[in-house]
Amino acid sequence: MAARTGGQYLQGLRDQEREVWLGGERVKDVTTHPGLRNGAQAIAGLYDMQHDPELREAMTYVSPTSGERVGLSFIVPRTRQDLEQRRTMILHWARATCGMMGRSPDFMNVTFAAWAGAADYFAQSRPELGQNIRRYYEHIREGDLTLTHALINLQRSRTVSGVLNLEEGTALHVVRETDAGIVVRGARVLATLGPLADEIAVYSPRLAQLTEPHSPFAVNFAIPCGTPGLRFLCRESFDLGRSHFDHPLGSRFEEMDCIAFFDDVLVPWERVFVLGDVNLINGTAMATGSSMHSAHQGAAKNLAKCEFVLGVALLMTRALGNAHLPHSEERVAELMMQTELMRACMRAAEADAELDQWGVMRPAALPVEITRNLFTTAYPRMVEILQLLGSSSFMITPGEADFRTPLAPAIEQYLATEGASARERVKLFRLAWDITGSAFGSRQVLYERFFAGDPLTRARFLAAIYPKDDAMQRVTEFLERSDD
Ligand SMILES: Cc1cc2nc3c(=O)[nH]c(=O)nc-3n(C[C@H](O)[C@H](O)[C@H](O)COP(=O)(O)OP(=O)(O)OC[C@H]3O[C@@H](n4cnc5c(N)ncnc54)[C@H](O)[C@@H]3O)c2cc1C
């Protein structure tokens, strides 16, 4: 099958009955539920871009198996040009959602492409697992499927021994093996896009604390979201059912986060990619390069988000007439620096990419890891800058309905500025509020702080991969210079 249209994506969601709970009720149809439907439409819009005559070439490539055009985020990059083309495609999607849907389908596609390229890694413990990952990757590429993923076990204990609370029955684990597959039980977070995905991927970033080489907690698999025994519990929706004027982002880009409960769920053998092997699980992200490919996708998303926030800031200062003030310029310049830093790191990762042991073109680790680390503090700071620039204007934001009341003439008269009519000003600041203050906007800040793991872990990872010897060597040489 070729790259899907939005309509095919939505039909796929309807065709696969799944157990999704939201607000105390089971959701009958995720494509029509008021809290989810606009997010589904946004993803459908991304799929439709693959069929836009002007974008088709940039969004798709020819499948090596079917000869049909499939989504470019599935490509296993073999050259730097492949990486650049994939990033161009990712940027098209990220810009379409203003960088506000971090879990658009490309996020998982690049991971599975990396794993398929490194399929022999999975074959190390059992040869059939290498075949499984190859076939599964082809299945999602040819079907153009959307994946969610859930990596984190719910934590009940903070003691050192209980940090993974593996003994307490909450962590997802394999309870038995059968002829048909493995049976898993437990809960995982945080399945962003869960109700709007076709499949869920479950793996563990690492289980480093485990000392034994084999463990029922070390598992990597993917199954359809409608698999019996799998249930999704959504947080409340941040799509409040308001107009695009009132909540421009929340009314469009609600990607939803869920807890996923696995109640003795059967995972067919062909969907198992790692089973029991702790070292294999711990090494997957680095050995296969999926860590760098995923961070490269994230860097493009970060860039799109930076560009959007910068654009909002520039329009805000124009509307308020304070663009020329030094403190505005200083703050906007900071946004410009973040934007260009993201672009530079993203491109450096492509320029310094190298073929890895699997023959896959791997983005350079350091620059993409830096974008991940930086964004955990840069994005909250960007939001803070918008707040500082906007001040009380965030509160001078009547809703669309207020423009239809007898107060409308007063609103039009008093809220206009030299740079914007009242309506333009309010519309812009309602957008800015959806970045800085609404539930949707607050969740974005939380997302950027934590989506790639907790910041402490990320910082330690960066410290581990940084080439420290050169830096120390230069200082050592300086210290050893003779005094004369
Ligand atoms: C909006 C959002 C969307 C997400 N989407 C996904 C998704 O789609 N799929 C997915 O798998 N995951 C997702 N995540 C989850 C993400 O992977 C986790 O949030 C992240 O790994 C951190 O884990 P945690 O939330 O359990 O934080 P915790 O481990 O509870 O950490 C909380 C804080 O405590 C600190 N801390 C933890 N342990 C210690 C310690 N021993 N000593 C001192 N400080 C400590 C951390 O540094 C952190 O600041 C998402 C998270 C968010 C917020």
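The model described here is a predicted one.

The protein is divided into two parts, domain 1 (6-286) and domain 2 (289-475). Taken over C-alpha atoms, the centres of domain 1 and domain 2 are separated by 25 Å. Where the domains meet, 39 residues of domain 1 are in contact with 36 residues of domain 2. On the side of domain 1 that touches domain 2, helix H4 (80-96), helix H5 (106-117) and helix H8 (278-288) each supply at least two residues. H4 provides the largest share of that side, with 9 residues. Sorted by class, the side of domain 1 that touches domain 2 holds 21 nonpolar, 9 polar and 9 charged residues.

The ligand comes next. It is surrounded by 20 residues, and the closest are Leu151, Thr192, Tyr447, Phe450 and Asp454. Both domain 1 (6-286) and domain 2 (289-475) give residues to the shell around the ligand, so the ligand lies between them. Strand S5 (147-150), helix H14 (439-450) and helix H15 (455-465) each contribute at least two residues to this shell, and H14 gives the most, with 4 residues. By class, the shell around the ligand is made up of 12 nonpolar, 4 polar and 4 charged residues.

Attention can now turn to the interior. In soluble globular proteins, nonpolar side chains tend to be buried together. In this model, the largest nonpolar core has 131 residues, of which Ile200, Val309 and Leu386 touch the most other members. Helix H9 gives the most to this core, with 15 residues. Residues of this core come from both domain 1 (6-286) and domain 2 (289-475), so the core lies between them. Leaving aside residues up to four places away in sequence, Leu386 touches Val309, Val312, Ala313, Ala432, Ile435 and Thr436.

H9 is mostly covered, as 26 of its 31 residues are buried. Following H9 is Gly321, whose phi is positive, near 70°.

The buried residues of H2 are Gly39, Ala40, Ala42, Ile43, Ala44, Leu46, Tyr47 and Met49. Among the elements that cover these buried residues of H2 are helix H1 (6-15), helix H3 (56-59) and H4. H4 is also the helix that gives the largest share of the side of domain 1 that touches domain 2.

Finally, a single residue can be followed up close. Tyr136 is found in helix H7 (residues 127-143). Tyr136 counts as buried because it has 23 C-beta neighbours inside 10 Å, where 20 or more are needed. Not counting residues up to four places away in sequence, Tyr136 touches Ala222 and Arg271. Tyr136 and Phe112 are 24 residues apart along the chain, and their C-alpha atoms are separated by 8.6 Å.

Technical notes. Residues numbered from 1 in each chain as written. Predicted model: local features only at pLDDT ≥ 70, side-chain atom pairs only at ≥ 80, totals over all residues. Near = placed C-beta within 6 Å. Nonpolar A, V, L, I, M, F, W, Y, C, P; charged D, E, K, R; others polar. Domains from an automatic or database assignment. Contact = placed C-beta atoms within 7 Å. Buried ≥ 20, exposed ≤ 12 C-beta atoms within 10 Å, placed from the backbone. Core = buried A, V, L, I, M, F, W, Y, C linked by C-beta atoms within 7 Å.
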